[in-house]
Amino acid sequence: MKRISILGSTGSVGTQTLEVIATFPDRFQVVGLAGKSEVELIREQVERWHPEVVALMETPAADELRRRLGRKGVKVLSGEEGIVEVAKYEGADLVLSAIVGSPSLIPTLEAIRSGKTIALASKEGVVMTGRLLMEEAKRSGVDILPVDSEPNAIFQCLRGEDERKVRRLILTASGGPFYNFSESQLASITPAQALRHPTWKMGKKITIDSATLMNKGLEVIEAHNFFDIDISQIEVVIHPQAKVHSMVEFVDGSIMAILGITDMKVPIQHALTYPERIANKLPSLDLTESSPLEFKKPDLEKFPCLKYAYEAGKVGGTMPAVLNAANEVAVEAFLNGKIGFLDIAGVSRKVMAGHSIIRKPHLNDIKEADTWARETAKRNLSRC
Ligand SMILES: NC(=O)c1ccc[n+]([C@@H]2O[C@H](COP(=O)([O-])OP(=O)(O)OC[C@H]3O[C@@H](n4cnc5c(N)ncnc54)[C@H](OP(=O)(O)O)[C@@H]3O)[C@@H](O)[C@H]2O)c1
């Protein structure tokens, strides 16, 4: 029995993780759950999975959960300390980290420090902190297993290989729903339109990030930090069919790829069962139905978020944290109807341009850069 805590259990990755766990009742036990404020959904999860500890970020929501659960023998916690307590909970072997955005950073770091194996969906923490999370994992002797389909594919391609023999990583991007839109069409996209992703059903933030290609940009920085490979060796290709999840080219010109259906349950299961592979009932990929498989160069002029992410990754230091924070503020503003779709990139660019980089930041420098970038981004919203 692997004992699992899920941070972000009420989200898209979190609920799909519980679906995977439900198919292997003899292998996994849920011991901890955490989310932000979705009281009723997390109550249902507690009734179904009987975790030992549960936390909600928002205190009134946690109070309401306690009231609805009555005396159920589960510890209900709140705030960041509560989430961190779930992350560190001694009864867990593996922590699946799927809180969206920068709030995922500290709980993931604390889970690493307490020696848990990490199944990592939340990319923002790795983007913000350079090699810090990876070095902490090395010091604590823990594995970080990528859940996101692209780094998971690369992780699988690299298994048993000599990482010094990699020529480049090739990350695939579906291109999102607007890849063929003109600039004037992009300017008038509404949040409702942007939330309809053609291939993946995901949380709101990552759906918008996929439409702007910022998600791919964050993955470039994530892969740079996670696999300790130079940014110049990471290439992005637009692959609308989303069947090739990513590739690794080795120095002899051989390219290894992971293909599969577009279902997050596949990489989630891989991370949960690693290093084993376990049979499941998910359908096979029908290659004849998927053809032709197309690959195109991304248009960095029309989708500048990817260009800014390459720049931030190349500069390093506190810049990726600044880009990440500016993007989080801009995406929320777009979803609330305060700025247009194209302004998301504009806000990120302006905030990056005004930042004085700290080249070798400590965690506190990263937190300060994050706060500075949020405040600066908010000021820039009114100018959009
Ligand atoms: N969705 C996918 O298919 C997918 C694929 C690859 C990678 N990822 C990555 O996985 C992460 C999660 O994505 P998602 O699509 O699952 O997001 P989502 O559906 O929006 O879910 C986010 C989860 O985080 C919780 N949360 C939000 N803010 C929080 C806070 N301050 N403290 C504690 N919990 C908080 C939410 O709780 P409430 O429900 O209570 O608000 C929810 O459980 C992202 O980093 C994303 O890039 C997602």
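By class, the shell around the ligand holds 12 nonpolar, 10 polar and 7 charged residues. Here Ala, Val, Leu, Ile, Met, Phe, Trp, Tyr, Cys and Pro count as nonpolar, Asp, Glu, Lys and Arg as charged, and the others, Gly among them, as polar. The model is a predicted one: local features need pLDDT of at least 70 and side-chain atom pairs count only at pLDDT 80 or more, while totals for chains, interfaces and linings use all residues. Residues are numbered from 1 along each chain as its sequence is written.

In total, 29 residues surround the ligand, and the closest are Gly-8, Gly-11, Pro-103, Met-202 and Gly-203. A residue is near the molecule if its C-beta atom, placed from the backbone, lies within 6 Å of it. Two helices, α1 (12-22) and α11 (204-212), each supply at least two residues of this shell. Helices (H or I, at least four residues) and strands (E, at least two) are DSSP runs, numbered from the N terminus. The shell also draws at least three residues from each of domain 1 (2-146) and domain 2 (151-315).

Those two domains are how the protein chain is divided, with bounds that come from an automatic or database domain assignment. Their centres, taken over C-alpha atoms, are separated by 25 Å. Where they meet, 21 residues of domain 1 are in contact with 22 residues of domain 2; contact calls for C-beta atoms, placed from the backbone, that lie within 7 Å. On the domain 1 side, α1, α6 (124-128) and β7 (144-146) each supply at least two residues. Helix α1 gives the most to that side, with 6 residues. The side of domain 1 that touches domain 2 divides into 10 nonpolar, 7 polar and 4 charged residues.

A residue is buried if 20 or more other C-beta atoms lie within 10 Å of its own, exposed if 12 or fewer, and partly exposed in between, with C-beta atoms placed from the backbone.

Next comes the largest nonpolar core, which has 108 residues; Leu-7, Ala-309, Val-322, Ala-326 and Ala-330 touch the most other members. Helix α16 (residues 319-335) gives the most to this core, with 11 residues. Domain 1 and domain 2 both give residues to the core, so it lies between them. A nonpolar core is a set of buried Ala, Val, Leu, Ile, Met, Phe, Trp, Tyr and Cys residues joined through C-beta atoms within 7 Å.

Ile-106 is found in helix α5 (residues 105-113). Ile-106 counts as partly exposed because 18 other C-beta atoms lie within 10 Å. Apart from its neighbours within four places in sequence, Ile-106 is in contact with Glu-80 and Val-84. Ile-106 and Ala-87 are 19 residues apart in sequence, and their C-alpha atoms are 9.3 Å apart in space.

Helix α12 (residues 214-226) is mostly covered, with 13 of its 13 residues buried. At 1.5 Å a residue, these 13 residues should span 18 Å, and the end C-alpha atoms are 18 Å apart, which agrees; the expected span is 1.5 Å times one less than the number of residues in the helix. Just after α12, Asp-228 takes a positive phi of about 50 degrees. Leu-213 lies in the loop between α11 and α12, and its phi is also positive, near 70 degrees, though the residue is not glycine. Leu-213 is buried, as 29 other C-beta atoms lie within 10 Å.

His-50, again not a glycine, has a positive phi of about 50 degrees. His-50 sits in the loop between α2 (39-49) and β3 (53-56) and is partly exposed, with 13 other C-beta atoms within 10 Å.

Finally, the cis peptide bonds. One joins Tyr-274 and Pro-275, with omega of about 5 degrees, and Pro-275 is placed in the loop between α13 (265-273) and α14 (287-290). The bond from Ser-291 to Pro-292 is cis too, with omega near -5 degrees; Pro-292 lies in the loop between α14 and α15 (304-315).

Notes
Two residues are in contact if their C-beta atoms, placed from the backbone, lie within 7 Å.
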